[in-house]
Amino acid sequence: MSEKLLTLEEATERSKELRQQLNQYAFEYYDEDNPTVEDYIYDRLYTELVQIETTYPELITFDSPTQRVGGKVLKGFEKVTHSVQMYSLNDAFSKEDLLDFDERVQKLAGKPVSYCCELKIDGLAISLKYENGRFVQGATRGDGNVGENITENLKTVKSIPMVLKEPISVEVRGECYMSKQAFAQLNQEREEAGQDVFANPRNAAAGSLRQLDTKIASSRQLNTFLYTVADFGPMKAETQFDALNELSALGFRSNPKKKLCETIEEVWAYIEEFHEKRSELAYEIDGIVIKVNDFDIQDELGFTVKAPRWAIAYKFPPEEAKT
Ligand SMILES: NC(=O)c1cc2c(N)ncc(C(N)=O)c2s1
């Protein structure tokens, strides 16, 4: 639309069109890693929306893409008590540990079980709460029971939806991480500016989410993979594998390299596959998470004080430092 000043009615209509189009383009770019328009087209539409919102601030909405660039400087982070504990995982370091886990699970379940295997992302665990489809709170894991409220910083993470594809109330957990490319670029910029560099992408992601200036967090190219549903609301999934697909359908970014394994041998093959492929991934992983796929069996097996009996994290040895 031309530069002419729009009436409020025209501006209302046009800003709605622009928001829908820009949010769809952003979803394709940040969530699906599959942009369908050139950056300059996105930028031109974005600029038009900024002009309309500058003329008519009352048209700025919760899910406008202009609200994701940060700008608030917080005084601190409030504490958040998680409605459902963010558990930790028992670790496995060898095939023998894995076979022991499988034996325990099958004994407790009283039958062979299938496993959902997922890459263990080396980032910062986060919890995202939505009410009627709108993002209302984001928090760090903290000690598993009490974390920090980092909602404002998470609003600047482009792959986190501000509005879900369904107007439902859920709480989901996942990992916020920085890609290897974003990490290298950030450290190069910091080195050139005479600043300390981050030791690894995980520290860089954690440091970025702990920024009190949300504009800094917004500049750090953070990304997410969501993998756990804490409060299902009306979600129907009865298995972990289905829950991951439902998370994607709601608009979350979910890691595509998951695998449903019918035997522990299949699990071991998946572990060996990604131990080899680890260096080719765009992000760092520190292992594989193996979960009993069926939620009813997960409920039967329950938790120890610290961790679920129905999951284990197979940890890779640290990657050799690049010389
Ligand atoms: N501590 C935990 O429970 C988990 C930690 C992680 C992680 N860092 N990455 C991926 C998953 C996953 N796909 O389940 C989990 S689960």
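Aromatic pairs number 14 in this structure; here a pair means that the rings of Phe, Tyr or Trp (its six-membered ring) have centres within 6.5 Å, with planes under 30 degrees apart counted as stacked, over 60 as edge-to-face and the rest as tilted. One of them joins Tyr 87 and Phe 303, a tilted pair with 5.5 Å from centre to centre and 55 degrees between the planes. This pair links distant parts of the chain, 216 residues apart: Tyr 87 is in the loop between β1 (79–81) and β2 (91–92), and Phe 303 is in the loop between α10 (295–301) and β11 (311–315). Helices (H or I, at least four residues) and strands (E, at least two) are DSSP runs, numbered from the N terminus.

This is a predicted model, in which local features need pLDDT of at least 70, side-chain atom pairs count only at pLDDT 80 or more, and totals for chains, interfaces and linings use all residues. Residues are numbered from 1 along each chain as its sequence is written, and side-chain values use heavy atoms, leaving out hydrogens and water.

Let's stay with Tyr 87, whose ring also pairs with Trp 310: the centres are 5.7 Å apart and the planes stand at 80 degrees, so this pair is edge-to-face. Trp 310 lies in the loop between α10 and β11, 223 residues from Tyr 87.

How exposed is each member? Trp 310 is buried at 5% relative accessibility, whereas Tyr 87, at 23%, is partly exposed, and Phe 303 is partly exposed at 43%. Buried means under 20% relative accessible area, exposed over 50%, and partly exposed in between (1.4 Å probe, protein chains only).
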